[in-house]
Amino acid sequence: MTVLPIVSVAIRREQDLLLVRQRARQIGQFLGFSSGDATRITTALSEIGRNAFEYGGGGRVDFGIGSSAHG
């Protein structure tokens, strides 16, 4: 699978989780996901980011667009 990177968000402080949510929603909307799907994506990334912050001491969320060639 090929991934085209879009943006990375470092999670060092609790406030960084808000940026993860904002970017997830923006990218979901830009890619044409429905409002409901964009909300589900945003919620999932928010939970993963919170877990990384609380239990892993921080981390990074990398956003990208993936494509795979089937031959």
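**Salt bridges and a nonpolar patch**

E14 has a relative accessibility of 45%, so it counts as partly exposed (buried means under 20% relative accessible area, exposed over 50%, and partly exposed in between, with a 1.4 Å probe and protein chains only). You're looking at a predicted model, where local features need pLDDT of at least 70 and side-chain atom pairs count only at pLDDT 80 or more, while totals for chains, interfaces and linings use all residues. Residues are numbered from 1 along each chain as its sequence is written, and side-chain values use heavy atoms, with hydrogens and water left out.

**The salt-bridge network**

- Searching the whole structure turns up five salt bridges (each one is a side-chain nitrogen of Lys or Arg within 4 Å of a carboxyl oxygen of Asp or Glu).
- One of them joins R50 and E14, whose closest N and O atoms are 3.4 Å apart.
- That pair ties together distant parts of the chain: R50 sits in helix α2, E14 sits in the loop between β1 and α1, and they are 36 residues apart (helices, H or I with at least four residues, and strands, E with at least two, are DSSP runs numbered from the N terminus).
- R50 also forms a salt bridge with E54, and here the closest N and O atoms are 3.4 Å apart.
- E54 and R50 are four residues apart in helix α2, so about one helical turn separates them.
- Put together, E14, R50 and E54 are linked in a network of salt bridges.
- How accessible are the other two members? R50 is partly exposed, with a relative accessible area of 28%, and E54 counts as partly exposed at 46%.

**Another salt bridge**

- D62 pairs up with R60 in a salt bridge, with 2.8 Å between the closest N and O atoms.
- R60 is exposed, at 59% relative accessible area, whereas D62 is partly exposed at 46%.

**The nonpolar patch**

- L4, I6, V7, F30, L31, F33 and I65 make a nonpolar surface patch of about 660 Å².
- What gets a residue into a patch? It needs over 30% relative accessible area and no salt bridge; like charges are joined within 9 Å, and nonpolar side chains (Val, Leu, Ile, Met, Phe, Trp, Tyr) within 5 Å.
- Accessible areas come from the Shrake-Rupley method with a 1.4 Å probe, and for residues only the protein chains shown count as cover.
- Which element gives the most to this patch? Strand β1 (residues 2-11) does, with three residues.
- L31 lies in the loop between α1 (16-30) and α2 (35-56), and its 41% relative accessibility means that L31 counts as partly exposed.
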